[in-house]
Amino acid sequence: MAFALDEQQEMIAETAAAFFAENATSERTRAAMASGIDRDLWRAYCRELGFGGLMVPEDLGGAGLGHVELAIVAEQAGRTLAAIPLLGHAMATAALLASDDRAAIDAHLPAMVAGDRIVAAGERGGEGLLVPHAAQCDLLLLLGEGGAHLIAARAATIEPMKSLDETRPLARVHASAGDPLPGGAAPCEAARAAGVLCLAAEALGGAQEALDRTVAFAQEREQFGRPVGSFQAYKHRLADRAVEIEQARSAVWWAACALDERHETRALALHAAKSFCADTYLRVAGDMIQLHGGIGFTWEHDAHLFFKRARAIANMLGDGPHHRERVARIMLDEAA
Amino acid sequence: MKLGFSDMEEAFRRECASWLEDQMAGEFADIRGIANLVDKPERRKAWERRLAEHRYSCIGWPIAWGGRDATLNEQVIFAEEYARAGAPNRLNHMGVELLGPTLLALGSSEQKARFLPAIAEGTAIWCQGYSEPGAGSDLAAIRTRARRDGDEWVIEGQKIWTSLAQFADMIFVLARTEDGTRGREGLSFLLVDLDQPGIAIRPIRQINGEAEFNEVFFDGARCPVENMVGAEGEGWTVSTTLLSFERGISTLGQQMQFRNELDAVIAGAKRNGKAADPVFRQRLAEAEIGLRLMRYGALRMLADGKGGALAGAALTYKIQWASWRRALGELAMDVLGQEGEVAPADAEAWPLLTNLYLYSRADTIYGGTNQIQRNLIAERGLGLPREPRGNA
């Protein structure tokens, strides 16, 4: 056992970090906010970087990597708030592979891997169905009681919404369920696991970036004749957030490893990772605004983009109380 | 990146578990599950010797010094099984986990030969003489002095919060050996026999009624000059090396004890129905998540290979576990309600969870308070500017 990234994983992390830092700049993300997706970035991600088939087996034209690698890449995408449909892509890839439905795989996966087919994924809940990137997608993956449904976007009624997180806008979806993907509950479970992990890793990356930028500001900004970061009121708050981020990183790695190894703790790990990482991101992004003072409240500063992304992540695929209740059921040995 | 252990490691786990179970179910059943540090010291000294007889007292040490040269993973496994078996807290934690590794790293060959065997054999119990009444968070403000008298150092001063001094044979002391120095300069690291006329030990009664900490008074206490570890005036470096071992393997065992405590809270909540209350369920889940993340954080820290380097997970670990455990103590009392406030009239000690509630208030103080931890994380981890210092 070595609970650390191996050499290849380190390389993937560095490659992804460099790619997003160079390409997913604040300017490009803001430019993409009008349309909802930075399509050039997504194509480059899928083709040039070759990550469109990250988790797709090699005999199907993919890289044959696992959840650990997905988490590594999603963390870097989240760090830069990249306006790409990674979430739906990861969920649909997982659902298709778990379904083992050759016709559906042949029909969709090659185009998805090439970055030519965009998938939006959502979970049917209580009220109407709000799905990120639904207004931009070609294909919808809808999870629900009856299984995982893959539906052509044109076969659904999709109403674009003004969205808090414009880097991943929501749309209201009305769609009648046809036949679900075969494979019983497996496609749904695989998609939910990939989605939850993706969101938790994104939250980790976003929280880390929000902390790093706030620390940099606190080192430069002077008041009372000294850097504001030399005051304990700043230090202690930033230190608390750093502690949470370290835990969030443990949570993401645990969940990713547990999925790849089919470890007995994988359900627990996913619920823990989603709730803990989303909460961490919410706090760090909130503190980012507070500790920047007035400038952090301006549209021009990126703080609000992190703040809004954090809120969106917290609400997607089950909120904190939901996931903690699931943890409670597991730890109290209650039937799910 | 990997979660699981290898087949060979799992075999080692079974071997340790079965030996520990035999001991704890048999000859040492009377000290099984002791959660505090002060009960039955003589029996626990016997237990230290039993561990040594079977080469389990310091498995990470080199074979030549009584260890097993165990790998990091084997040490993790042993620490986990040790705690799972309900074996009592190690009376010689300071010797085995802190001083031993420090001597292996920095001690002279003569010092190793003189002090390591007795630690490995469980016949010399050690305690730590760092804090003083005027040197708590600001540890470098140490005033205990040692002056040279022929072949000996003569020590004057006072240490405080010295855990287990009342049971220990030896103490390692940070003392000022150079007049006129301040702060980290001019300190030296001395190994001192506690059994001598120049030393007086006074236990300090704590909020849980027990006395695990002591004041140790040095009034002309002596040690031979060859008992100095590292060079004269280099004591601060030695002491920080020693503290870096504190964030080592033993944390994994400590977490098994936390597991037992959380399980007791869960059992209490099931018994009185609070496990069905949505508010309590959320808090129980938070505690479970926190404990699991502690485990994976510790495994990351160990896999880092820097053995206690103050970075990332290692830097944040102390405040993480201390805060978690204090919160668990609060949750325990909220779960138990008034039943948590009482014990039978003739009880000598508080039951596990009441004691946890009280004792955990110390966790966020000793070994660097939460406030000091935050300063360290901010300054060393995040690179924020240091707080301007006073002139005292």
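This is a predicted model: local features need pLDDT of at least 70, side-chain atom pairs count only at pLDDT 80 or more; totals for chains, interfaces and linings use all residues.
**Nonpolar core**
- The largest nonpolar core holds 229 residues.
- Seven members touch the most other members: L141(A), A191(A), L197(A), A200(A), V252(A), A255(A) and A273(A).
- Helix α7 of chain A, residues 186-220, gives this core its largest share, 19 residues.
- Leaving aside residues up to four places away in sequence, A273(A) touches V196(A), L197(A), A200(A), A251(A), V252(A) and A255(A).
- In soluble globular proteins, nonpolar side chains tend to be buried together.

**Contact between chains A and B**
- Chain A puts 41 residues in contact with 38 residues of chain B.
- On the chain A side, at least two residues each come from α7, α8 (232-260), α9 (266-292) and α11 (320-331).
- α8(A) supplies the largest share of that side, 16 residues.
- By class, the side of chain A that touches chain B has 25 nonpolar residues, nine polar and seven charged.

**Helix α3 of chain A**
- α3(A) spans residues 39-48, and its residues L41(A), W42(A), Y45(A) and C46(A) are buried.
- Viewed down the axis of α3(A), the buried residues fall within an arc of 125°, so they line one face of the helix.
- An α-helix has 3.6 residues a turn, so residues three or four places apart point the same way.
- D40(A) and E48(A) are exposed, on the other side of α3(A).
- The cover over the buried residues of α3(A) includes α1 (7-23), α2 (26-32) and α6 (102-113) of chain A.
- After α3(A) comes G50(A), with a positive phi near 75°.

**Strands of chain B**
- Strand β5 of chain B covers residues 187-193, and six of its seven residues are buried.
- β5(B) pairs with strand β4 of chain B, residues 170-176, in the antiparallel sense over seven bridges.
- Within β5(B), S188(B) stands opposite A175(B).
- β5(B) also runs antiparallel to strand β8 of chain B, residues 228-229, and two bridges join them.
- M228(B) in β8(B) is the bridge partner of L190(B).

**Domains of chain B**
- Chain B is divided into domain 1 (7-91), domain 2 (126-232) and domain 3 (248-381).
- Taken over C-alpha atoms, the centres of domain 1 and domain 3 of chain B are 22 Å apart.
- Their contact takes eleven residues from domain 1 of chain B and ten residues from domain 3 of chain B.
- On the domain 1 side of this contact, six residues are nonpolar, three are polar and two are charged.

**R14(B) in place**
- R14(B) is found in helix α1 of chain B, residues 7-25.
- R14(B) and G273(B) are 259 residues apart along the chain, and 36 Å separate their C-alpha atoms.

Notes:
Residues are numbered from 1 along each chain as its sequence is written. Chains are lettered from A and ligands numbered from 1 in the order in which they are written. A nonpolar core is a set of buried Ala, Val, Leu, Ile, Met, Phe, Trp, Tyr and Cys residues joined through C-beta atoms within 7 Å. A residue is buried if 20 or more other C-beta atoms lie within 10 Å of its own, exposed if 12 or fewer, and partly exposed in between; C-beta atoms are placed from the backbone. Helices (H or I, at least four residues) and strands (E, at least two) are DSSP runs, numbered from the N terminus. Two residues are in contact if their C-beta atoms, placed from the backbone, lie within 7 Å. Ala, Val, Leu, Ile, Met, Phe, Trp, Tyr, Cys and Pro count as nonpolar, Asp, Glu, Lys and Arg as charged, and the others, Gly among them, as polar. Two strands pair if DSSP finds at least two bridges between them. The arc is that of the directions from the helix axis to the C-beta atoms. Domain bounds come from an automatic or database domain assignment.
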